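Visitor: I've got a model open and I'd like to talk it through. Can you walk me around it, one question at a time?

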Amino acid sequence: MKQLLVFVRKEFYHVFRDRRTLLILFGLPVTQILLFGYALTSEVKNAAISVVDQSKDPATQAITEKVRASTHFNLAYADQTVHQLETRFRRNEIKCALVFPEGFAEALTHTGKARVQILTDGSDPNTATILTNYLSAILTDYIGQQQAGIPYRIDVQTRMLYNPEMNGSMNFIPGVMALIFMIVCTTLTSVSIVREKETGTMEILLVSPFRPVLVLIAKAIPYLALSVINFLLILFLGVVVLDMPLRGNFFLLFGESALFIITCLSLGLMISTIASTQQTAMLISMMGMMLPTILFTGFLFPLENMPRPLQIISNAIPSRWYYLIVKSVMLKGLGFGYVWKETLILAGMATALLLISLKRFTVRLG
Amino acid sequence: MRTLRFLLQKEFRQIFRDRSILPMIFLMPTIQLLILPQAADFDVRSITLAVVDQDHSTYSRQLVSKVLATGYFHLTGMETSYQAALRYVEQDRADLILQIPAGFERKLVRENAQSLFVAIDAINGSKASIGGSYLTSIIGDFNNQIRFKWTGQMPSLLDIVYSHWYNPTKNYKNYMVPGILVLLLTLVGGFLSALNIVREKEIGTIEQINVTPIRKWEFILGKLIPFWVLGLVVFTLGLTIARFVYGIIPLGSIPLLYLFAGVYLIAILGFGLLISTYSQTQLQAMFVAFFFIMIFTLMSGLFTSTDSMPFWARVLSFLTPVTHFIEVVRMIVLKGSTFAEVRNQFGYLVLFAVFLNGWAILNYRKTS
Amino acid sequence: MTPAIVCRNLTKQFGAFRAVDAISFDVQPGEIFGFLGANGAGKTTAMRMLCGLSYPTSGEATVAGYDVYREQEKIKRKIGYMSQKFSLYENLTVRENITFFGGIYGLSDKVLKEKREAMIGTLGLSNEAGKLVGSLPLGWKQKLAFSVAVLHDPAIVFLDEPTGGVDPITRRQFWDLIYAAADRGITVFVTTHYMDEAEYCDRISIMVDGRIEALDAPRLLKERYHAADMQDVFYQLARKAVRSDN
């Protein structure tokens with residue numbers, strides 16, 4: 001036990017003397033969580049729109065007013081013909097357009113049916129869908145107001161669960177958190193061990209009378225401690241600065257996060273047994289991990305939309321499970337009873353990774 | 001100029017001799033371009049729905065079957081209490097709850113107005129708003145049918161015609177493939193150039209270069225050109241994959257695309273070289289490059305629209321060369337925009353290229 | 001005749017640490033000038049200033065008649081340099097390395113080809129000319145690095161511990177190359193750890209803690225310090241050093 005302490009202390013010295021690594025360890029997560037907490041949102045605001053009003057009657061004017069009042073749109077142009085829109089789309093001046101044909105109000109009152117056209121820039125399908133929805137809602141709302149007096153009305157009362165203010169970054173923050181741990185922990189552990197291999201100091205440690213397990217544990221402990229501090233920092237920023245709720249039990253979240261960090265560190269250990277140079281270790285843990293983590297965690301793209309084989313692959317990504325846990329505990333306020341399955345999966349992954357790396361590590365020695 | 005010839009000869013030889021660089025340059029983009037667009041699909045397709053029918057009337061059954069008939073919603077459970085339905089949401093098995101209160105049909109007919117309750121898991125914002133508005137409009141339709149049945153006249157309604165230009169089927173791959181191609185070009189160009197000069201520093205060969213009368217711009221150009229050529233090869237590879245795997249044929253002019261790719265590559269390589277001149281070790285260069293490329297990626301509008309960002313974030317996004325190139329590639333490929341329509345972006349990219357490379361040349365010091 | 005190197009009170013300060021402390025000396029054209037000192041005495045730092053790799057903090061110096069503050073790029077046309085760390089490209093072949101550096105110095109294709117083949121012949125590397133430099137034994141690498149450093153017939157060549165880690169026979173051969181270069185009129189400025197090599201120099205200086213403590217022909221130094229060999233002279237001077245490697 002005393003030997004282990006000596007080792008751990010040495011590792012702490014290493015970490016704290018390397019200012020740049022420390023800066024990366026703390027600076028990277030903080031910058032990213034703030035940047036993305038504020039910048040990333042699934043909502044669309046200020047989308048430039050052009051209204052082509054060929055009718056110019058009270059109804060079209062009332063609807064145009066509603067569009068102008070909406071924060072989702074920026075009523076940028078009023079064009080005369082659909083033809084003019086073509087150039088606007090190609091210059092990226094507008095994202096969508098609303099076209100009222102001649103005699104709009106007249107058709108609405110006399111025939112009970114009026115046509116209106118929504119044009120969007122389909123080259124960005126996501127924004128196109130969202131904007132179409134916003135516009136339809138404005139139109140439906142207008143008609144609904146006109147018909148409030150007609151009998152047999154069904155009202156829809158909508159409740160937004162967990163996120164009543166529709167805070168757009170809520171979905172992303174747990175995801176970015178998972179992404180950061182996944183990359184920072186994995187890279188630092190793998191690089192720090194491979195560096196000792198490269199410089200030859202690993203040999204010195206291994207000829208000492210300590211068991212290889214102890215060497216590995218000692219290497220991992222400082223990063224575990226730092227990552228836990230990192231977690232607290234990110235959580236603090238999320239709750240205080242970005243107004244994230246912490247509805248569930250803090251200690252449960254803390255424990256789950258520690259488990260996830262251990263899983264990532266184990267992954268780093270395993271990479272270090274495969275890689276022989278720092279550069280390879282970096283390439284595997286950064287380039288190799290970044291895109292799959294972004295994709296398969298599920299915070300950016302819905303996993304259920306992916307083709308079956310990719311969905312299966314996503315099961316192997318630890319951050320996917322951690323993301324589910326954070327969402328359940330932090331945002332929905334659920335207890336352990338709801339996340340035991342995910343916890344078990346993470347624990348299983350950590351154990352398997354640790355065993356494999358230990359085995360590879362000892363084999364190499366033999 | 002003669003010196004440049006020898007520099008280029010040397011750089012190309014080193015690149016082609018390095019067993020790890022070439023696979024990274026060609027294999028990684030190919031694989032990622034084949035896989036990523038399959039995964040990057042925002043379309044809200046299968047929205048899961050839990051129904052609490054406390055009315056068990058003809059109307060409630062008609063409404064539920066009308067909702068399910070649209071195909072947007074996937075029913076995960078019929079429950080009798082809201083609490084039971086909420087458990088589906090908690091377990092992530094339902095996105096929405098539709099609650100039809102007891103006495104719905106009876107009260108609707110007698111009292112002329114009646115409410116339905118919809119609860120939405122709002123953690124995922126886009127799913128929440130899209131799912132919510134689909135459901136509301138289906139209920140609106142249902143309401144009109146009932147009104148027609150009782151009053152004999154159709155309430156006035158709007159016939160909304162949608163038209164998604166340039167991509168009528170809203171195919172996500174059309175949107176993602178050009179974006180991912182840009183991202184891969186950025187990764188390959190940014191990382192390789194960031195590692196290049198610093199590697200010569202670590203090995204020590206830079207000293208031998210620095211005592212020669214070589215000019216700084218010659219040295220930087222000698223580093224830049226080989227990666228520029230490789231970058232254009234990657235770009236061509238990407239366009240080929242886009243053409244034959246995803247069936248995306250650029251609507252606009254291909255020389256125009258290459259013009260932009262050429263300028264953009266100069267900018268991003270200058271960025272990498274700049275990092276390289278500031279770093280002491282490859283590890284540092286890699287971390288710094290990673291830090292910026294990660295920010296570039298998420299701020300560039302590749303995944304989420306830049307319009308919805310707050311003002312300061314849009315400024316930041318504007319100052320990112322990736323943003324402009326992604327925008328232009330999408331415009332030229334999908335909308336067939338001409339040079340006149342993208343000349344602003346061209347100006348920005350040229351500025352980035354001059355600025356980043358100028359800085360890199362200034363910061364590369366032969367004498368410390 | 002103007003001296004090849006003139007150095008007056010040349011100083012380099014890193015924060016509070018004075019790596020090179022007001023050194024002054026002249027080196028005559030065609031001379032083999034040995035620059036001795038213990039590890040950390042400041043030899044490499046001084047040499048880097050003379051090569052135009054690093055700015056002096058104060059003092060003056062000219063190399064081949066050019067000022068080390070303002071005319072580094074002109075100096076670089078006139079000198080060759082071989083650093084302590086082997087710095088040819090290991091993943092280029094012998095022939096490719098020679099071509100590259102010759103090309104950088106602006107040799108014409110014809111001259112370059114002649115010189116390259118002559119050099120390969122002199123070094124006895126005909127069979128290895130197409131092999132990667134990284135695969136050569138250290139001794140050969142060092143000889144190749146030296147030959148590349150004098151390929152463009154510089155006025156002065158700077159050698160920083162050129163024979164570190166090489167066996168005695170190769171070292172002897174290496175010095176033959178140095179003599180050959182000196183015979184061609186190239187001034188040689190060399191740092192070394194080996195005291196037997198010091199004896200091969202026309203004049204030597206011994207640096208201790210950033211200052212030059214002695215400077216003369218080896219024979220005269222031995223007389224002055226009543227020493228049997230250079231080893232003894234060096235011990236007497238270097239013992240006074242307070243700073244070491246770290």
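Visitor: Let's start inside chain A. Which residues of S3(A) point one way, and which the other way?
Guide: Keep in mind that this is a predicted model. Every one of these strand residues is buried, whichever way it points. A:Ala97 and A:Val99 point one way from S3(A), and the other way go A:Cys96, A:Leu98 and A:Phe100.

Visitor: How many residues of S3(A) are buried?
Guide: The strand covers residues 96-100 of chain A and is mostly covered. The buried count for S3(A) is five of its five residues.

Visitor: Which residue stands opposite A:Leu98?
Guide: Look to strand S1 of chain A, residues 47-53, which runs parallel to S3(A). Five bridges join the two strands. The residue opposite A:Leu98 is A:Val51.

Visitor: And what is the bridge partner of A:Val99 in S4(A)?
Guide: Here the pairing sense is antiparallel, with four bridges between S3(A) and S4(A). In S4(A), A:Val99 has as its bridge partner A:Gln117.

Visitor: Now for the chains together. Which pair of chains shares the most contacts?
Guide: Chain A and chain C are out of the running, as no contact joins them and their closest C-alpha atoms lie 17 Å apart. That leaves two pairs of chains in contact. The most contacts are shared by chains A and B.

Visitor: Which element gives the largest share of the side of chain A that touches chain B?
Guide: This contact takes 87 residues from chain A and 89 residues from chain B. Several elements of chain A give two or more residues, among them helix H2 (19-39), strand S5 (153-161) and helix H11 (278-296). The largest share, 13 residues, is from H6(A).

Visitor: How many residues on that side of chain A are nonpolar?
Guide: The side of chain A that touches chain B also holds 26 polar and 16 charged residues. The nonpolar count is 45.

Visitor: What is the bridge partner of A:Val156 in S4(B)?
Guide: S5(A) and strand S4 of chain B, residues 113-121, run parallel, and nine bridges join them. Within S4(B), the partner of A:Val156 is B:Leu116.

Visitor: Over to chain B on its own. How far apart are the centres of its domain 1 and domain 2?
Guide: The assignment gives domain 1 as 2-40 + 170-363 and domain 2 as 47-151. Taken over C-alpha atoms, the separation between the two centres is 49 Å.

Visitor: What percentage of residues 311-333 of chain B is helix?
Guide: An unreviewed UniProt entry lists this stretch among the "transmembrane region" residues of chain B, along with others including 225-249. Residues 225-249 are 80% helix and 0% strand, with end C-alpha atoms 28 Å apart. Residues 311-333 also have end C-alpha atoms 28 Å apart and 0% strand. Their helix content is 91%.

Visitor: Which element gives the most to the side of chain B that touches chain C?
Guide: In this contact, 20 residues of chain B meet 23 residues of chain C. Helix H1 (2-17) and helix H8 (205-210) of chain B are the elements that give two or more residues to it. On the chain B side there are four nonpolar, nine polar and seven charged residues. With eight residues, the element that gives the most is H1(B).

Visitor: What is the radius of gyration of chain C?
Guide: Chain C has nine helices and 10 strands. For its 246 residues the globule rule gives 18 Å, and the chain comes out close to that, so it is as compact as a globular protein of that length. The radius of gyration is 18 Å.

Visitor: Which residue with a positive phi follows H3(C)?
Guide: The helix spans residues 94-104 of chain C. The residue that follows has a phi near 80°, and it is C:Gly106.

Definitions and conventions. Residues are numbered from 1 along each chain as its sequence is written. Chains are lettered from A and ligands numbered from 1 in the order in which they are written. This is a predicted model: local features need pLDDT of at least 70, side-chain atom pairs count only at pLDDT 80 or more; totals for chains, interfaces and linings use all residues. Two residues are in contact if their C-beta atoms, placed from the backbone, lie within 7 Å. Ala, Val, Leu, Ile, Met, Phe, Trp, Tyr, Cys and Pro count as nonpolar, Asp, Glu, Lys and Arg as charged, and the others, Gly among them, as polar. Domain bounds come from an automatic or database domain assignment. UniProt positions are given in the numbering used here, feature names are shortened, and annotations may be inferred rather than shown by experiment. Two strands pair if DSSP finds at least two bridges between them. The radius of gyration is taken over C-alpha atoms; the globule rule is 2.2 Å times the number of residues to the power 0.38. A residue is buried if 20 or more other C-beta atoms lie within 10 Å of its own, exposed if 12 or fewer, and partly exposed in between; C-beta atoms are placed from the backbone.
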